[in-house]
Amino acid sequence: MSTDPLRDAARALAYWERRQEVASHNVANSTTAGYKGQRVFAEVLAGMNAPALVVRDDMSDGPIMDTGRPLDVAVTGEGFLVVEAGGGELLRRGGSLSLDAAGVLVDGGGRPILGEDGVIVLPAGDIEIGRDGAIRVDGEEVARLRMERAAPADLRRVEAGLWVAGQREALPVEARALRQGALEESNVHPLQGMVEILDVQRNYAAIQKTVVMLDDVLDMTVNRIGRVG
Amino acid sequence: MDPSIRTAATGMMSQQRRIEVIANNLANVNTTAFKRSRAHFEDLLYQTIQGPGVGGAGLGTTDPVQVGRGTRLAAVQRVQGQGPMENTGRPLDLAIEGDGLFRVQLPDGSTAYTRDGSLSLSADGSLVTHGGYQLLPGILVPEDATGLMISRNGVVTVQMRSAADVIELGRIELARFANEPGLVALGENLYAETPASGQPIHGFAQDTGFGRIVQGHLEASNVEIVTEMVDMISALRAYEINSQAVKASEEMARTAASMVR
């Protein structure tokens, strides 16, 4: 008898373990502003009985929470803000911005947010950020935020809510929808995460039962069949 | 299974920190000029467990598989929103409506900053905070002065018992910072400058970029109990769900171990 079914079962167990890792990561980030959940799919490849792991990003919008803080910015439509990090450019969905000691507009990790003319330095005064990314201080426009978009398949995750994209393009002004004084919450619903975890656990247990059963069959084949007396 | 237990544990730790921040906010709901803080989280490093590639004949391309490793506390951010004005009727209570902080001198000679303007007079008649720290620049109130008045732009005047006219004693100076949340809290409602806050910019109340001084009022804490309670419920639930994830991962490990009989 072939032991292939056992191998397939082992592969399936590994698949559900990965799924559990992703589910844990999602619930751990259910209160991380701007976080986009990961979804795991199984893809059955030709010639393989066990599922292959496919992780996709759920880019749906998270709920918008009003904070009233002038430098909290939520992207309520498509697109990302552009951030300078380590000499390169990364993308992020809005966030809790602030001014550093030199008045440079930075994200939570101190990385400069880029405007159409590069790094944005704001003078003191009442800061107003328009829907289209125009930044006005005391009513006078001083800078305009750069916004870009990328195809979901081109986006890769970096830590801290940052994304890197191979192909990007500027987001046209009419497609921009920034909201000042608000944050985009995580799009992971805790309950959904909980259901996923339960689901994983049940499936994992079911496969384990299958392995035990296969083991029984092997046991019978090896130790009982052919025994005389 | 270990990675998923650790991942969920990062979620529990983050929520615990969030509760600590909320507890401190709630404890300071009646603290003059207190600014509430807010915990901020970010997702942790992703591990690419399978790079993008092209499968065999007819299999097409495969996307990379990135698995995250949880969350961490990114920052505890002070929310500098204006607190409500509370009328106290006490002439030495000052509130700042708008930007700016009072400057006070610490015993070691360094300068600290505060928005808590509940002042009093020291034994020698100078204006001090309720902690006994001298307001900068020092303003000396003569012994026989009555009717202390502080204008919206910070000019301190008194009426003398001996004379009918009003005497100007000095003008309260304020400071503001490019990045006010970068100030470090010293306790006693005092803040100190840091490299993150930048150098203080001195000026007077009602100058450009500065608020005005309101006599007879104190700025109350900007903590809103309802907001904090809602945040606390959210943190508690998130903590519970992460602990369930830990439990489920542990259960799976047990299931795996039970395959060997």
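**View 1. B:Arg254 sits partly exposed, at a relative accessible area of 47%.** On the scale used here, buried is under 20% relative accessible area, exposed is over 50%, and partly exposed is whatever falls in between (1.4 Å probe, protein chains only). This is a predicted model, in which local features need pLDDT of at least 70 and side-chain atom pairs count only at pLDDT 80 or more, while totals for chains, interfaces and linings use all residues; side-chain values use heavy atoms, with hydrogens and water left out. Residues are numbered from 1 along each chain as its sequence is written, and chains are lettered from A and ligands numbered from 1 in the order in which they are written. The side chain of B:Arg254 pairs with that of B:Glu251 in a salt bridge, 3.7 Å from N to O; the term means a side-chain nitrogen of Lys or Arg within 4 Å of a carboxyl oxygen of Asp or Glu. Because B:Arg254 and B:Glu251 are three residues apart in helix 2 of chain B, about one helical turn separates them. An α-helix has 3.6 residues a turn, so residues three or four places apart point the same way. B:Glu251 is also partly exposed, at 34% relative accessibility. Elsewhere, salt bridges with shared partners tie A:Lys36, A:Asp61, A:Arg93 and A:Glu184 into one network.

**View 2. Two salt bridges within chain A: A:Asp132 with A:Arg144, and A:Glu148 with A:Arg168.** Over all chains, the salt-bridge count comes to 35. In the A:Asp132–A:Arg144 pair, the side chains meet at 3.2 Å, N to O. This pair links distant parts of the chain, twelve residues apart: A:Asp132 is in the loop between strand 12 (127–129) and strand 13 (134–137), and A:Arg144 is in strand 14 (residues 140–144). Helices (H or I, at least four residues) and strands (E, at least two) are DSSP runs, numbered from the N terminus. A:Arg144 has a relative accessible area of 22%, so it counts as partly exposed. The side chains of A:Glu148 and A:Arg168 likewise come to 3.2 Å, N to O. Here too distant parts of the chain are joined, with A:Glu148 in strand 15 (residues 147–149) and A:Arg168, 20 residues apart from it, in the loop between strand 17 (162–165) and strand 18 (169–170). A:Glu148 is buried at 10% relative accessibility, whereas A:Arg168 is partly exposed at 32%.

**View 3. Where chain A meets chain B.** Counting contact as heavy atoms within 4.5 Å, 54 residues of chain A touch 53 residues of chain B. The two chains bury about 4400 Å² between them, 59% of it on carbon and sulfur atoms; buried area is the accessible area (1.4 Å probe) that two parts lose on being put together, summed over both. A:Glu21, A:Thr31 and A:Glu159 supply 12% of what chain A buries against chain B, more than any other three residues. Three salt bridges run between the chains, and one of them joins the side chains of A:Glu159 and B:Arg72 at 3.5 Å, N to O.

**View 4. Helix 1 of chain B and its cover.** This helix (residues 2–27) has 26 residues and reaches 38 Å from its first C-alpha to its last, close to the 38 Å expected at 1.5 Å a residue; that expected span is 1.5 Å times one less than the number of residues. Among its buried residues are B:Thr7, B:Gly11, B:Gln15, B:Arg18 and B:Ile22. Their cover includes helix 1 of chain A, along with strand 1 (37–43), strand 5 (65–68), strand 6 (71–78) and helix 2 (225–257) of chain B. Setting aside residues up to four places away in sequence, B:Gln15 touches A:Thr31, B:Ala235, B:Ala238 and B:Tyr239.

**View 5. B:Gln199, out on a loop.** The loop in question runs between strand 19 (190–192) and strand 20 (201–204) of chain B. B:Gln199 is exposed, at 62% relative accessibility. Beyond its neighbours within four places in sequence, B:Gln199 contacts B:Arg176, B:Phe177 and B:Glu193.
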